[in-house]
Amino acid sequence: MMQNVHLAPETDEDDLYSGYNDYNPTYDTEELENDTAFQQAVRTSHGRRPPITAKIPSTAVTRPIATGYGSKTSLTSSVGRPLTGTIQDGVSRPMTAVRAAGFTKAALRGSAFDPLGQSRGPAPPLEAKNEDSPEEKIRQLEKKVNELVEESCIANSCGDLKLVLFNLASQYSANEMYAEALNTYQVIVKNKMFSNAGRLKVNMGNIYLKQRNYSKAIKFYRMALDQIPSVHKEMRIKIMQNIGVTFIKTGQYSDAINSFEHIMSMAPNLKAGFNLILSYFAVGDREKMKKAFQKLIAVPLEIDEDDKYISPSDDPHTNLVIEAIKNDHLRQMEHERKAMAEKYIMTAAKLIAPVIETSFAVGYDWCVEVVKASQYVELANDLEINKAVTYLRQKDFNQAVETLKMFEKKDSRVKSAAATNLSFLYYLENEFAQASSYADLAVNSDRYNPSALTNKGNTVFANGDYEKAAEFYKEALRNDSSCTEALYNIGLTYKKLNRLDEALDCFLKLHAILRNSAQVLYQIANVYELMEDPNQAIEWLMQLISVVPTDSRALSKLGELYDGEGDKSQAFQYYYESYRYFPSNIGVIEWLGAYYIDTQFCEKAIQYFERASLIQPTQVKWQLMVASCFRRSGNYQKALDTYKDIHRKFPENVECLRFLVRLCTDIGLKEVQEYATKLKRLEKMKEIKEQRIKSGRNGSGGSRSKREGSAGSDSGQNCSASSKGERLSAKLRALPGTNEPYESSSNKEIDASYVDPLGPQIERPKTAAKKRIDEDDFADEELGDDLLPE
């Protein structure tokens, strides 16, 4: 049956089909009968040798000539004449026929016959194939497909059609063509003679599970369970585990509990034990959770003890064997199994501890006692540290500190982890002396603990010794190159030292690790801004708002940069977006109000200054700006009412009284005399106060270059000293104006200083704490710049 099957040979050539179209006419003998020249040469004298002559003496003596193989052979004709082209007494006879391949006159003059070019040395090495190229991937895929086709052909020739269909169904399932896969499997299982229908129904159940058709998945799992013999215990256990998982997905926890309890009674394993705890947790059965946790602890790992890999003697042969198996695949598998068991136990303990007793502390204590009595005794310390972390999450710092202080007399690794977290806690409380003390304890206990070194660097950073802090961060990175806290903090340190290029390198490296970190993106933009490269700063801030599109301070920072570049329309767009997400930023409100005044839309500016007066009700300047906007828009009555309201709230404000006097005078109101009297009295009191201050300064022998004047003068000084106020083109300082009839001559009452929405802020380095002994970072808590809260 195999005679019709032709397997394709395996080859590593680039082209599987090369060489088939090559044609050599030398071997074409079929057309010789039709070749006229050949037939004439055979039948006439053209095909015979010419007769010998006696003109040249010694022509009958043959001379050796060099052949293509390097040997010398005496070649003569049948009548004793030498061949055409041979050398007679040093004279070369001219060729009269077509020259043979590889035969030249140069070869007869002493050069060796070398048609293969061997005298030119070895050929250059072949170019290595690129395994990642698309062509190579396609070639490998084609090879695999050919192998599958060959297997199917062999199975077909043997009459094993079910194997062909099974391969087809497997490929359908792998390509997520679930309907075709189910149809193909159905064709196979309908055959009553097929003995492994139960196993295929497991595959069908898996497909239904992927399609989230849980009822059919359970149906096929149960059908498979009925058809698989009881002697296949391991397969039946796996099917029951699939049934239990499907019941959990459907919320049928009671049925899931029955499946997992049966598994734990027949053949306990880690996954089934953990799923049983989850099911009991879902139904809220405390006692059953405790029993299930004890069953999970008791599951045998079936791995060798670590003592097996310690050499008991100095036998070199034994030592070599132990060294060979210390890190082999079996040992790695044992490590993975143990790590998985510890993960299940720790997760289960953290899940049930808060609910199995009256408080989570009592629940943790119960879990710790159970763990101490098991083969996982080393996990007890980790649970205690998690207990402290839970206290910290609940903002109970005192209990967290007390719990962690219990580890000061433990072994070095546990002591280092506890001291790291204590240092973190004291750093949060700004108790830098205590934080430094525990950071030293953590470093001394485990010098290779990157979290301890990071926290030590933070305490030094807080004291202003940035160079020394950078050394601790660098050591933390040498011990663990993935310690992102240390890399972030060293970037902040270089920024403090004004080493901006090095800071930028650190943040760009961190960006390659944390692609969507908002803090990292902001720091890169900030460094570019400090390097006076606003275009790059804007580009990185654009990336930032693509990650956190609702961050108001990032949007306002973009507005500030565009405003500095003179692009008012773009600046307005980002300031407005910032105001929309956070309408309480005074700096943004001030800029928007000034923008509308500058564009002659005073009515729109009123709503922003009214909001500012609500946020800062004790600041008279916002209410004065509202009144000024009413006056500019022509609503004098509303402006007058607003000034009267301001006077009631701030009766000693000189600017408000001046506005009232002028408005009442022009409108012709009787209250003008009352306001004028108050204004004169306040100006007199202000003059007396200034004279007293001046005399007091002269008496003390001290003098200042500028005397302290009215509130308007102070505001003018603040405004002129503010670089960001100058960026606003003095919009607010120009209000009210000196050339307008209803404004006082003192036009600097309103403070127009522009507050930077993002700074300056105190940048604090990130801290590091340990939830577990072999973890580096502390939950989601971090003490970075805290620049981008959500």
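## Close-up views of a predicted model

**View 1. Packing of helix 19 against helix 20.** Helix 19 (residues 450–462) packs with helix 20 (residues 466–479) at an angle of about 170°, and their axes lie 8 Å apart; helices here are DSSP runs of H or I with at least four residues, numbered from the N terminus. Axes are lines fitted to C-alpha atoms over the stretch in contact, with angles running from 0 to 180 degrees between N-to-C directions. The two elements, helix 19 and helix 20, are therefore roughly antiparallel, a term for angles over 145 degrees. On the helix 19 side the contact (heavy atoms within 4.5 Å) includes Pro-450, Leu-453 and Phe-461, and on the helix 20 side it includes Tyr-466, Phe-472 and Asn-479. The residues of this contact divide into nine nonpolar, four polar and three charged, where Ala, Val, Leu, Ile, Met, Phe, Trp, Tyr, Cys and Pro count as nonpolar, Asp, Glu, Lys and Arg as charged, and the others, Gly among them, as polar. This is a predicted model, in which local features need pLDDT of at least 70 and side-chain atom pairs count only at pLDDT 80 or more, while totals for chains, interfaces and linings use all residues. Residues are numbered from 1 along each chain as its sequence is written, and side-chain values use heavy atoms, with hydrogens and water left out.

**View 2. The rings of Phe-461 and Tyr-466.** A search of the whole structure finds 20 aromatic pairs, meaning rings of Phe, Tyr and Trp (its six-membered ring) with centres within 6.5 Å. Phe-461 and Tyr-466 form an edge-to-face pair, with 5.1 Å from centre to centre and 65° between the planes; edge-to-face requires planes over 60 degrees apart. Phe-461 counts as buried because its relative accessibility is 6%, whereas Tyr-466, at 23%, is partly exposed (buried is under 20% relative accessible area, exposed over 50%, and partly exposed in between, with a 1.4 Å probe and protein chains only).

View 3. Leaving aside residues up to four places away in sequence, Thr-390 touches Phe-360 and Tyr-364.

**View 4. Charged ends over aromatic rings.** The charged end of Lys-290 sits over the ring of Trp-366, 5.5 Å from its centre, and that of Arg-580 sits over the ring of Tyr-581 at 4.7 Å from the centre. For this, NZ of Lys or CZ of Arg must be within 6 Å of the ring centre and within 35 degrees of the ring normal.

Conventions
Parallel < 35°, antiparallel > 145°, perpendicular 65-115°, else oblique. Phe/Tyr/Trp six-rings, centres within 6.5 Å; stacked < 30°, edge-to-face > 60°.
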